[in-house]
Amino acid sequence: MTKEQSNSIVNLGNLGKPADTLVKKISSAVGGIVAPYQLQRLAKARAAVDVIQAQTEIRITDLHRRAMGRWLEEEAQRQENMETITTTALSLLNSDANAGAVNDDWIVNFFDKSRNVSDGQMRELWARILAGEANDPGTYSKRTVNFIADLDKSEAELFTALCGFAWQVGGALAPLVFDSEGAIYNKHGLNFNSLNHLETIGLIKFKPLTGFARKHIPGGAYETVHYYGRKVELHWPDNDSSLAVGEVILTRIGLELATVCESGPVDGFWEYVNEKWNAHVK
């Protein structure tokens with residue numbers, strides 16, 4: 001093992017090709033990920049501290065020392081955040097990941113937004129986004145990355161709860177909220193106020209009075225919808241039929257974020273939806 005490998009965040013010799021490509025891609029775009037001793041930022045910070053400690057000809061005040069010490073600690077924390085996110089993302093890469101195709105500007109923007117994230121759960125969310133983009137470049141827009149930078153942990157948890165009610169309908173995720181004041185939703189923190197907040201921040205569109213529906217479904221149509229691995233066969237015997245899909249639909253940002261929020265099925269909700277769609281269930 002070379003000296004450079006031993007001082008790196010990861011040993012490139014132990015990585016598969018997709019992970020190796022992603023690490024090199026990140027290092028090229030932002031630096032300080034695989035290079036020894038965390039490279040540019042911390043090296044400059046330590047050099048500056050050495051200057052202070054050496055009491056050079058420049059007049060250094062206690063205020064300068066405190067400012068430099070604070071800056072060094074902040075940079076060290078940011079470096080730890082970046083390394084943790086990267087290391088977690090490497091374990092989530094697919095064997096056929098196309099990391100080399102990830103846009104450099106996307107990577108720079110990603111780490112500019114994520115480097116201040118210290119909460120463990122939120123860092124995992126960022127790692128899943130990085131891995132998802134490396135697996136399939138173009139999956140997550142810059143707009144979504146910038147949005148997540150302002151997302152509170154409580155908002156992320158609320159959105160994850162909503163995704164627990166999402167079905168695959170017509171090839172897309174659809175949270176089926178048929179009654180925002182229904183008990184099955186309320187006990188998971190979903191109600192008029194919380195859903196209105198998710199609409200305000202841009203994750204969903206919420207229409208509690210009229211709801212949303214798929215319209216103009218031709219007579220004789222069949223469709224299979226899914227809920228966490230369980231499927232339901234739907235049938236529309238009449239012409240120009242419709243299918244009510246509740247009071248909520250996801251925005252583009254919501255659709256992208258839903259793929260990484262790691263929600264789970266809600267007990268009894270499969271049966272609840274079957275009853276709501278009883279007229280169409282085959």
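A strand here is a DSSP run of E residues, at least two long, and strands are numbered from the N terminus. With that in mind, β1 gives the most to the lining of the second largest pocket, contributing three residues. The model described here is predicted.

| Largest pocket | About 240 Å³ | Gln121, Arg128, Ala156, Thr160 and Cys261 |

In the largest pocket, 14 residues form the lining. Two elements, α6 (120-135) and α8 (153-163), each give two or more residues to this lining. By class, the lining of the largest pocket divides into seven nonpolar, two polar and five charged residues.

The lining of the second largest pocket has eight nonpolar, five polar and one charged residues.

**A helix contact**

Helix α2 (residues 17-30) and helix α5 (residues 104-114) have axes that come within 9 Å and cross at roughly 75°. Angles of 65 to 115 degrees count as roughly perpendicular, so α2 is roughly perpendicular to α5. On the α2 side, the contact is made by Lys25, Ile26, Ala29 and Val30. On the α5 side, Asp104, Ile107, Val108 and Phe111 take part. The residues of this contact between α2 and α5 comprise six nonpolar, no polar and two charged.

Conventions
Residues numbered from 1 in each chain as written. Predicted model: local features only at pLDDT ≥ 70, side-chain atom pairs only at ≥ 80, totals over all residues. Heavy atoms only, no water. Axes fitted to C-alpha atoms, helices over the stretch in contact; angles between N-to-C directions. Helix = DSSP H or I, 4+ residues; strand = E, 2+ residues; numbered from the N terminus. Parallel < 35°, antiparallel > 145°, perpendicular 65-115°, else oblique. Contact = heavy atoms within 4.5 Å. Nonpolar A, V, L, I, M, F, W, Y, C, P; charged D, E, K, R; others polar. 1 Å grid on protein atoms, 1.4 Å probe; cavity = no way out; pocket = protein on both sides within 12 Å on 5 of 7 lines; lining within 4 Å. Points joined across faces, edges and corners; volume = space filled by probe spheres on them.
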